[in-house]
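Below are some exercises to work through, each with a solution spelled out in steps.

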Amino acid sequence: MMNLTLKIWRQKNANDKGKIVDYPVSGISPDMSFLEMLDVLNQELIDKGEEPVAFDHDCREGICGTCSLYINGRAHGPQTKITACQLHMRSFNDGDTIYIEPWRAKAFPVVKDLIVDRSSFDRIQQAGGFISVNTSGNTQDANAIPIEKENADKAFDAATCIGCGACVASCKNSSAMLFVSAKVSQFALLPQGQVEATDRVLNMVKQMDEEGFGNCTNTGACEVECPKGISLENIARMNREYLAASFKG
Amino acid sequence: MSGILNSSIGRKFAMALSALFLMVFLLQHFAINSLSVFSPDAFNEVSHFMGTFWAIQYVLQPVLIFGVIFHFVMGFVLEYQNNKARQVGYAKSSRAANSSWMSRNMLLTGAVILAFMGLHFYDFWFPEINIKFIEGDMSGLIDPNDADSGYRYYEHLQHKFVDGWRVAIYAVSFVLLSLHLLHGFNSAFQSVGANNKYTKGLKGFGKVYAIGVPLGFILIALFHFFNH
């Protein structure tokens, strides 16, 4: 069993200034998930009549992208290619001090404690992250169109982005380019995405800029911390798509 | 096409284009400086040509000056915008775990290079502009009234590297330039959308360029310091 000191960001609401608060926790099993450890802490806080720590979570199996914790200076904690819910306490040592903070970005304002508002991602998606399909009854089956294996694989890899925001949280510039490039790429690589390709990339990048995300300086931190291993190749592809679309008009 | 420079991708594309241009310039500067080690006469001839040929003086030189100013100004603008994108920082941040020191400190290394360029312009560029365009001496000769006195460029170069402190400042600045290029070379290609099957080879070439060219400049400075 492990005894830990947690340094957790507490913030009552969006207008509160917020601060780091220390919480000692004991009797933590190394086999617990990180979120279960927070559940233990919250139960203790509730038992003491204190406000539990608010944090986002849903599927707890690494596919929903909801959990968004900056743990000891890294998005989703010290392991790579996992989300915070897939992180286990065996990644830490007895006696450790663990910092737990929300994603930090102007475009991800803190709602409460460790919960941030990621609706800026939704607005970017709404700006062009879709294909328009006529569903009048004679829609062509997508599988009827042959697609190169290489492109199909790359499109699928891009589509595995769960929109968790770890790329923004990890980037020193709070840039959202890895997220947006994954959403642009998954369509740019497929014939179904070609019809709206020009408008898609222009509108999604425009929305990304309007939301207040920073500029990409190619540090590559996003790729390292992405739980789904989304490649920087996608950002290069988005750059090409954007420049071609801009020159096209 | 309209407003491309108002977008984040447009700005990084322009930044990358200016960087690629400056890297080509740096390579030709290095090639000409190398001549000073092997043949003072060849160095003098090429320097005179570069300093007096109209297309270089009146077309390429203004483009170069614009490229340098644009690169620095845009670098500071991007840094300012990026700082605005995160108004509250992390209490604990482990950036070394996911990115290189070079990639995170382009502004610092760039600022040192900017300061170095002030010294470099004071040493070479301002005196050249003064002699050619204010004093009106386009001869390139040590004594403009003596056709046999020879070109002044090699002598000027050697004279500057007599001072050990100046050589040390040059060496430190080129180490910082190397660190800047170790990230900047490949970053420029990524920004223009070039990330493909050739990227691995390009990264290798980028390392050779980023270390080799600044090291070459340092060795040339040391050569003249020890051989003046």
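The exercises start with the two chains and then zoom in on single pieces. Keep in mind that this is a predicted model.

**Exercise 1. Compare the make-up of the two chains: how many helices and strands does each have, and what share of each counts as buried?**

Step 1: Count the elements. Chain A comes to eight helices and seven strands. Chain B has eight helices and zero strands, so its run from the N terminus reads α-α-α-α-α-α-α-α under the DSSP assignment.

Step 2: Look at burial. In chain A, 45% of the 249 residues count as buried. For chain B the figure is 26% of 228 residues.

Step 3: Get the overall dimensions. The C-alpha atoms of chain A fill a box of roughly 60 × 40 × 35 Å along the principal axes, and those of chain B fill one of roughly 65 × 45 × 35 Å.

**Exercise 2. Work out how chain A is divided into domains, and what sits between them.**

Step 1: Find the bounds. Domain 1 of chain A covers 2-112 and domain 2 covers 119-248.

Step 2: Check the spacing and the contact. The domain centres, taken over C-alpha atoms, are 29 Å apart. Domain 1 of chain A puts 19 residues into the contact and domain 2 of chain A puts in 17. On the domain 1 side, that splits into nine nonpolar, six polar and four charged residues.

Step 3: Turn to the core. The largest nonpolar core has 91 residues, and A:Ile100, A:Cys167, A:Val168, A:Leu178 and A:Val180 have the most contacts inside it. Its largest share, nine residues, comes from helix α7 (residues 164-191) of chain B. Both domains of chain A give residues to this core, so it lies between them.

**Exercise 3. Describe the sheet in chain A: in what order do its strands run, and which ones stand at the edges?**

Step 1: Five strands of chain A form an open sheet, β2-β1-β5-β3-β4, with mixed pairing.

Step 2: Pick out the edges. These are β2 (19-28) and β4 (74-75) of chain A; each has a single partner strand, so one side of each is left without a neighbour in the sheet.

Step 3: Check the burial of β2(A). Zero of its ten residues are buried, so β2(A) lies largely in the open.

Step 4: Follow the pairing. β1(A) pairs with β2(A) in the antiparallel sense over eight bridges, with A:Arg10 opposite A:Lys19. Strand β1 (residues 2-10) of chain A also pairs with β5(A), here in the parallel sense over four bridges. In β5(A), A:Ile100 is the residue opposite A:Ile8.

Step 5: Look around A:Ile100. Beyond residues up to four places away in sequence, A:Ile100 touches A:Leu6, A:Ile8, A:Trp9, A:Leu69, A:Ile71 and A:Leu114.

**Exercise 4. Decide whether A:Asp113 is buried or exposed, and find what it touches.**

Step 1: Locate the residue. A:Asp113 lies in the loop between β6 (110-112) and β7 (115-116) of chain A.

Step 2: Apply the cut-off. A residue is buried if 20 or more other C-beta atoms lie within 10 Å of its own. A:Asp113 has 24 such neighbours, so it counts as buried.

Step 3: List the contacts. Leaving aside neighbours within four places in sequence, A:Asp113 is in contact with A:Trp9, A:Arg10, A:Gln11, A:Val53, A:Ala54 and A:Phe55.

Step 4: A:Asn134 is 21 residues from A:Asp113 along the chain, and their C-alpha atoms are separated by 44 Å.

**Exercise 5. Take α6(A) and work out what its buried residues pack against, then look at the contact between the chains.**

Step 1: Check the helix length. α6(A) has 14 residues and reaches 20 Å from first C-alpha to last, close to the 20 Å expected.

Step 2: Name the buried residues. They include A:Val201, A:Leu202, A:Val205 and A:Met208, and also A:Arg200 and A:Asp209.

Step 3: Find the partners. The buried residues of α6(A) pack against α2 (119-126), α5 (177-188) and α8 of chain A, together with α1 (8-38) of chain B.

Step 4: See what follows. After α6(A) comes A:Gly212, with a positive phi near 95 degrees.

Step 5: Widen the view. The contact between the chains takes 39 residues from chain A and 37 residues from chain B. On the chain A side, the largest share, eight residues, comes from α8(A). By class, that side has 14 nonpolar, 15 polar and ten charged residues.

Note on methods
Residues are numbered from 1 along each chain as its sequence is written. Chains are lettered from A and ligands numbered from 1 in the order in which they are written. This is a predicted model: local features need pLDDT of at least 70, side-chain atom pairs count only at pLDDT 80 or more; totals for chains, interfaces and linings use all residues. Domain bounds come from an automatic or database domain assignment. Two residues are in contact if their C-beta atoms, placed from the backbone, lie within 7 Å. Ala, Val, Leu, Ile, Met, Phe, Trp, Tyr, Cys and Pro count as nonpolar, Asp, Glu, Lys and Arg as charged, and the others, Gly among them, as polar. A nonpolar core is a set of buried Ala, Val, Leu, Ile, Met, Phe, Trp, Tyr and Cys residues joined through C-beta atoms within 7 Å. A residue is buried if 20 or more other C-beta atoms lie within 10 Å of its own, exposed if 12 or fewer, and partly exposed in between; C-beta atoms are placed from the backbone. The expected span of a helix is 1.5 Å times one less than its number of residues. Two strands pair if DSSP finds at least two bridges between them.
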